[in-house]
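Biologist: Please take one part of this model and go through it closely. I would like the residues, their surroundings and the cut-offs behind each term.

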Amino acid sequence: HESQSLLWERMVLQSKPFWEFAAPLFHARFPFTAEATAADFFRTYNRVSPGCIRVEADEVTYPLHVILRYDIERALFRGEMEVAEVPSYWVRRMKEDLGVHVPDDARGCLQDIHWSFGAVGYFPSYTLGAIMAVQIYNAAKADLGAGALEAQIARGEFGTLREWLREKVHAVGSVHASPDALLTSIAGEPVSPKPFLDYLRAKYSELYRLEE
């Protein structure tokens, strides 16, 4: 289910076509945004800003939050780390990986609810979901036509994409033996990070005018 929520959040809501549709609605409801263009909204909702809190992270830095948690879980279960070492390890890794200073454990290793109720090993599903969302959306664009789909989103018409997802994913998701089998049936390949990385490079190279 992470792939489905992230597909709508990132591939649709954070896209240029969506803000062509949504910007006038914001102008009508929130007059103080009247001078903000669709491009302004797009840039705002896709800004990259490393921070302490996972649930507030942008789509570029979010995977690093997940990797940190997975590395800790793996080290604990391998006996390579003691629980008492987690806070200091967390602070060090956040500084090394994201350049962020963690001021306290509330904004560090105690910020999530997962470990407190035993949901160890769940964090990778968030990034796996993001990876799969890109592959599924790419398949939708291939089937429905990228230009046609983007034009529909720009008009606030989401039904075609929703029905495509119902047919390709929702109706058959549990039938397949694994996520790899499901992705292969939809996108022609198993779960792969390459489309996700290509998507991030293309999108944020344009946004931040980065050289290839």
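Modeller: The lining of the largest cavity is made up of seven nonpolar residues, two charged residues and no polar ones. Here Ala, Val, Leu, Ile, Met, Phe, Trp, Tyr, Cys and Pro count as nonpolar, Asp, Glu, Lys and Arg as charged, and the others, Gly among them, as polar. This is a predicted model, in which local features need pLDDT of at least 70 and side-chain atom pairs count only at pLDDT 80 or more, while totals for chains, interfaces and linings use all residues. Residues are numbered from 1 along each chain as its sequence is written, and side-chain values use heavy atoms, with hydrogens and water left out.

A cavity is a set of points, on a 1 Å grid over the protein atoms alone, where a 1.4 Å probe fits but cannot get out; lining residues have an atom within 4 Å of a point. The count is one cavity of 30 Å³ or more, and the largest holds about 30 Å³, a volume being the space filled by probe spheres set on points joined across faces, edges and corners. Its lining consists of Leu 6, Arg 10, Met 11, Glu 59, Ala 130, Ala 133, Val 134, Phe 196 and Tyr 199. Two or more of the lining residues come from each of α1, α6 and α10 (193–207); helices are DSSP runs (H or I, at least four residues), numbered from the N terminus.

Two of those elements, α1 (2–13) and α6 (124–144), also pack against the buried residues of α8, as do α7 (146–154) and α9 (179–187). Buried means under 20% relative accessible area with a 1.4 Å probe, protein chains only, and in α8 it applies to Leu 161, Trp 164, Leu 165 and Val 169. Down the helix axis these residues fall within an arc of 100°, so they line one face of α8; the arc is taken from the directions from the axis to the C-beta atoms.

On the α7 side, Leu 149 is buried at 1%. Beyond four places in sequence, its contacts (heavy atoms within 4.5 Å) are Tyr 137, Ala 140, Lys 141, Leu 144 and Leu 161. In α9, Ile 186 is buried at 11%. With the same exclusion, Ile 186 touches Ala 139, Trp 164, Lys 168 and Val 169.

Technical notes: Buried < 20%, exposed > 50% of the residue type's maximum accessible area, 1.4 Å probe, protein only. 1 Å grid on protein atoms, 1.4 Å probe; cavity = no way out; pocket = protein on both sides within 12 Å on 5 of 7 lines; lining within 4 Å.
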